[in-house]
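Let's read a structure together, one feature at a time. Have the sequence and the 3D view ready.

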Amino acid sequence: MNSYFADLHIHIGQTNSGKPVKITASRSLTLENILIEASEHKGIDIVGIIDCHVPEIILTLEKLLEDGSCVELEGGGIRFQQTTLILGSELEIYDESCKGPIHVLVYFPTLQKIKEFSIWLSKRVTNNTLSSQRIYETGKTLQTVVKELDGLFIPAHIFTPHKSLYGSGVSQSLKEVFNPDQFDAVELGLSSDTKMADQIAELHSYPFLTNSDAHSLPKIGREYQKLLLNDPNFLELKNALRNENGRSIVANYGLNPYLGKYYETTCEKCGQKPENGATICESCGSERFTKGVSKRLKELSNGLKNNNPRPPYIHQVPLQFIPGLGPKTLEKLKDLFGTEMNILHEVPRTELQKVVSEKIAEYIVAAREGRLQVNSGGGGTYGKITGI
């Protein structure tokens, strides 16, 4: 058994022919660039690319398999160099049971399975060439189809105010929209962690995932998990989510929730945070607020403690968040020490100081040890590191 880093929520910005996939994502996020970045620069062993239902992406994968650049694994997934690709799709549910739109992630073991899913999906979305499309089907029907294709079903960034399970989709319970027996895990999102999510009793039985939701190459690995597997493939991932046969999630690595874009409630007009539950913004007089994850969780909390053990949640600070650490210096670090995972977790302070200042080295070590001070974010604006 070995440990592997996995980031299971990465978008494709455009196809090789230049057609957009995820409209809001960087155009540098091509399938090949993601695989190269994950394998050669980030040190991510398993990536879930969640736009693999797109017909041109399927054709690209077939070509990569034909020319030997990639290999389809017996246990499911596609291997490129040191990284395994898990084939996925992100979709938007907004059926008659929903209070608002909900994004979900689905994953499949083989290229053939996702091809079958893509054909089924094409009759239920307006544009099958784009990411995160609204599917004109019920959430429960989608779950059933995914399971029939041996897939995994995981709701995405479940607390964010927009297009998420608890942020917009349901009043109180996931049972309002979905079959709870057909969840394989839930993805927490950037503004919450294990302790926060475990305030909700109906989540106690599900494993928690921490993924980047990357819209650009540098954001890959912003959040991830360490998995204990025999080999990095789809079947081993499935067993880890079920905590079966010795496979497991060893640890979750995610942003300090204060750094997330939606931790605090903020005024939609000026971005100020209301004090003492004010319903009118003291700065601009607006009555419209984006509800923060912290406030929403207080509404949902039922005070029941989770007695099941959870993997440790380690507050991870991506290197891009470190004050004073610019792109050129980061490249020097990677030239000397290899991948970002190695820099974040392994390189001693004395070695870091050969490339960066003593202050930046201390920030990296403090991030590793969870000692950074942070001002909370909200309303779509990230929090900031303020000191040690």
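Predicted model: local features only at pLDDT ≥ 70, side-chain atom pairs only at ≥ 80, totals over all residues.

Q: How much space lies in the largest pocket?
A: Rolling a probe the size of a water molecule over the atoms shows where empty space is left. A pocket is an open set of points on a 1 Å grid over the protein atoms alone, where a 1.4 Å probe fits, with protein on both sides within 12 Å along at least five of seven lines; lining residues have an atom within 4 Å of a point. Here the largest pocket holds about 680 Å³. It is lined by 29 residues, and Lys 22, His 103, His 157, Asp 213 and His 215 are the closest to its centre.

Q: Which helix gives the most to the lining of the second largest pocket?
A: Helices are DSSP runs of H or I with at least four residues, and strands are E runs of at least two, numbered from the N terminus. Helix 8 gives the most, with 5 residues. This pocket has about 480 Å³ of space, and among the residues closest to its centre are Thr 265 and Lys 295.

Q: What does Glu 187 contact through its side chain?
A: A polar contact is a pair of N or O atoms within 3.5 Å; within protein, one must be able to donate a hydrogen and the other to accept it, and residues adjacent in sequence count only if both atoms are side-chain atoms. The side chain of Glu 187 makes one of 3.0 Å with that of Asn 211. Glu 187 has no salt bridge, and Arg 222, the nearest side chain of opposite charge, is 9.3 Å away.

Q: How many salt bridges does the whole structure have?
A: A salt bridge puts a side-chain nitrogen of Lys or Arg within 4 Å of a carboxyl oxygen of Asp or Glu. There are 19 in the whole structure. One of them joins Lys 334 to Glu 331 at 3.2 Å, both in helix 9 and 3 residues apart, about one turn of the helix. Lys 334 is buried at 10% relative accessibility, whereas Glu 331 is partly exposed at 39%.

Note on methods
Residues numbered from 1 in each chain as written. Heavy atoms only, no water. Points joined across faces, edges and corners; volume = space filled by probe spheres on them. Buried < 20%, exposed > 50% of the residue type's maximum accessible area, 1.4 Å probe, protein only. Lys, Arg positive; Asp, Glu negative; His and termini not counted.
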